[in-house]
Amino acid sequence: MISAIALASALALSGCTDSGAGPSAAPVEKAPEFDAGSTMAKLSDAGKITIGTKFDQPLFGLKGPDGTPEGFDVEMGKLIAAKLGIKPENIEWEETVSANREPFIQNGQVDLVVATYTINDTRKEVIDFAGPYYEAGQDLLVLAGNPDKITGPEDLTGKPVCTVSGSTSEKNIAAYTDKVIATDTYSNCLGPLRSGEVVAVTTDNVILAGLADQNEGEFEVIDKPFTKEPYGIGLKKGDDEFRTFINDVLEESFEDGSWAAAWDATAGKVLETPTPPAVDRY
């Protein structure tokens, strides 16, 4: 049975902030033109956009010293906003945790979500995805030195593991152990790992790498991914024009170097630059 501890009221406790972060890798389009009535036209005419992202994930979405999120996901959001003619300072960043991403999209609280968001069929029943723009893989974070000698998920039978409620990681790891402790953010799993309450934290390898980098010398990543996690950009279901537009922006960024520049400025400080994936034009 999956237990849940410290599962916060994620739907009620989200935060917003305007962007004052560093410059985006892409210049802001001047007076772009879109079909009347399209989401792109509405956002461009308003001159602002609300983007959901994580605030607690180093390298991808982490709240900076000035309260503004920074990371690879944030840069992806800026690339899209730039093509709409929206400056970085006119982006409103809404904190999204794994459990509230679909509701925030469905109720219009955000225009899109870029938040280490794995594309899967269950989520596509209620929202749409553009992308993927990156492919991660689920892995394990353990204490430095790996005292429990864990080499993969097969070693976790009957052992407690921490992950985030509502994530694909929670579902995947349940196939290996019935002692899953689910919390609201991955950073809240570090305390139980330090204290020995759990033997590992599990989520995507890039998220774990960021946590290990942020807490140098305390943890290590097993570095044996056991799933494929294509990251997509969530948007309201049925908005095919907006989805096509975002996919076009992503493909252009792959080709003109802005995607690689965004990676190098964020996650690339710790991880090697990967090859961008092919977007799914479903």
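1. In this note a helix is a DSSP run of H or I with at least four residues, a strand is a run of E with at least two, and both are numbered from the N terminus. The model under discussion is predicted.

2. Helix α7 covers residues 240–256, 17 residues in total. Its span from first to last C-alpha is 24 Å, close to the 24 Å expected at 1.5 Å a residue. Just after α7, Gly257 adopts a positive phi of about 95 degrees.

3. The buried residues of α7 are Phe242, Arg243, Phe245, Ile246, Asn247, Val249, Leu250, Ser253 and Phe254. The elements that cover them include the helices α1 (39–46), α2 (72–83) and α8 (258–265). Strands β8 (112–113), β9 (127–136) and β15 (229–236) are also among the covering elements.

4. The structure contains 1 disulfide. This bond joins Cys162 to Cys189, with an S to S distance of 2.1 Å. The two cysteines lie 27 residues apart, so that the link connects distant parts of the chain: Cys162 belongs to strand β11 (residues 161–164), whereas Cys189 sits in the loop between β12 (180–183) and α5 (190–195). The link of Cys162 and Cys189 is left-handed, with -70 degrees about the S-S bond. Both Cys162 and Cys189 are buried.

5. An open sheet is formed by 3 strands in the order β4-β5-β6, with antiparallel pairing. Its edge strands, β4 (56–57) and β6 (69–70), each pair on one side only. Strand β5 (residues 61–63) pairs with β6 in the antiparallel sense over 2 bridges. Lys63 has Pro69, in β6, as its bridge partner.

Notes. Residues numbered from 1 in each chain as written. Predicted model: local features only at pLDDT ≥ 70, side-chain atom pairs only at ≥ 80, totals over all residues. Heavy atoms only, no water. Pairing = 2+ DSSP bridges. Disulfide = S-S within 2.5 Å. Buried < 20%, exposed > 50% of the residue type's maximum accessible area, 1.4 Å probe, protein only. Expected span 1.5 Å × (residues − 1). Contact = heavy atoms within 4.5 Å.
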